[in-house]
Amino acid sequence: MSELNIQRGEQVALVGPAASGKSRLASSLAGRSGAKYITFRDSYGSYGDRNFFMQQRWNLFTLEDNPPSAGEQLRKEALSAADSQAAQRRLEELIGLFDLGKVLDKPLVTLSSGELRKFQLTRAMLGGPEMLVIDNPYIGLDPSMRKMLTQVLTVLSATTTLVLVLSRAAEIPPFITHVIPVTDGQAGEKMPREAYLDAVLPPAIIRMRGVTIRYGNRVILDRLDWTVREGEHWALTGANGSGKSTLLSLICADNPMAYACDIELFGRPRGSGESIWDIKRGIGFVSPELHRAFQVDAPALDIVTSGLLDTEGLYRHPSEDQYACARRWMETFGIIGLADKPFLRLSSSEQRVCLVARAFVKDPPLYVLDEPLHGLDEEQRRHVRALMDRFCGAPGKTLLMVTHYPEEYPACIDHSLTL
């Protein structure tokens, strides 16, 4: 592998635009000892199956001969392998690893794109290659199938060197350790994944490396690596107690354990001299915990205005411009009629909308919205959700949102993290 300088144990992505020559470079690895090449040129893959699939997929029930099932094809190839016993053992392992049991009896022509990816990866792994070169692994897959494939490849990466051929930096999965850019048929210098992404993608707003949080014997976050870049919109999911609130407290400067972790916020490592107010200045935040703790019986206008000062009440008199800004946001959220009413005398849903408006009032670069629609009626939900799409989805705005109801996510969501 001298030309591409790929070392054992590295997980590499060859990245370049269309017609850059990356596929040609990748295919040259196929002839090397211990390497296997697989390409996904279309929804039906390679291995000479394309014509069969294209001709027969939609004529399944008119075939005179029974088409082969996925399981029959895999077992046939395992039996014909040079070391058939080892191949058959490996096949059983791969069936369990890729959760293929449900598709073994399906005719090959009926496999979905995601199922076919698993089938072809299993087929490629029967010989136990030391290196698996995969061209266009994500082509034609919807987001859920891309996530599934990434999980499968992550498991494979524990025992096999993977080389992925990709056209977009955004497709590079987390298990990749190094990137080789390709231009005009020439491989550039290999570099660590993080360095490459920093060079070609927007700046990181949040970066966590190996973050572990534990209380006594209970581990809340376990070696979390996570990067959020400017303009990304993340859905944070997970069961109650999975660590979502703890994660958000590390970001919003509310958890002192952040100083013991490798965390960067807005390009600065925690503990490098920044104050919690420096951090909060860039974040618009709302959560159920904030709502429960907000026991300030001031007019609703003051509550919204306090978001400009990052306080739970007004401890200094705002300027007329600040009040005018808060009124504009209250009009936008449809609550200007509550401006003079005491906050604690509002209904719970009215209070929540006030606190959401408080999170938006300073037009921050980062929105951290934990259950922002909790307790709202249907009309309020539709209105606030539309505003979230409008403002959080604007260029350069970054969003982290938690909800237990997927239908509440705005359309701008483009990333997800499950704890």
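This is a short tour of a predicted model, stop by stop.

Local features need pLDDT of at least 70 and side-chain atom pairs count only at pLDDT 80 or more, while totals for chains, interfaces and linings use all residues. Residues are numbered from 1 along each chain as its sequence is written, and side-chain values use heavy atoms, with hydrogens and water left out.

**Stop 1: helix α13**

Select residues 348-360, helix α13. Helices here are DSSP runs of H or I with at least four residues, strands are runs of E with at least two, and both are numbered from the N terminus. The end C-alpha atoms of α13 are 19 Å apart, which agrees with the 18 Å that its 13 residues should span at 1.5 Å a residue. That expected span is 1.5 Å times one less than the number of residues.

Colour α13 by accessibility. The helix is mostly covered, with 11 of its 13 residues buried. Buried means under 20% relative accessible area, exposed over 50%, and partly exposed in between (1.4 Å probe, protein chains only). Among the buried residues are Arg352, Cys354, Arg358 and Phe360. Now show the surroundings: the buried residues of α13 pack against β13 (283-286), α10 (288-293), α11 (300-305), α12 (320-332), β14 (366-370) and α14 (378-392). Contact means heavy atoms within 4.5 Å.

**Stop 2**

Rings of Phe, Tyr and Trp (its six-membered ring) pair if their centres lie within 6.5 Å; planes under 30 degrees apart count as stacked, over 60 as edge-to-face and the rest as tilted. The structure holds 8 aromatic pairs.

**Stop 3: strand β10**

Select Leu236 in strand β10 (residues 233-237). At 2% relative accessibility, Leu236 counts as buried. Which residue lies 180 places from Leu236 in sequence but 5.9 Å away, C-alpha to C-alpha? Select Ser416 to see it. Leaving aside neighbours within four places in sequence, the contacts of Leu236 include Trp226, Leu248, Met401, Tyr409 and Leu417.

**Stop 4: helix α5**

Move to Glu115 in helix α5 (residues 113-125). Glu115 counts as buried, at 18% relative accessibility. Beyond four places in sequence, Glu115 touches Val103, Lys106 and Thr110.
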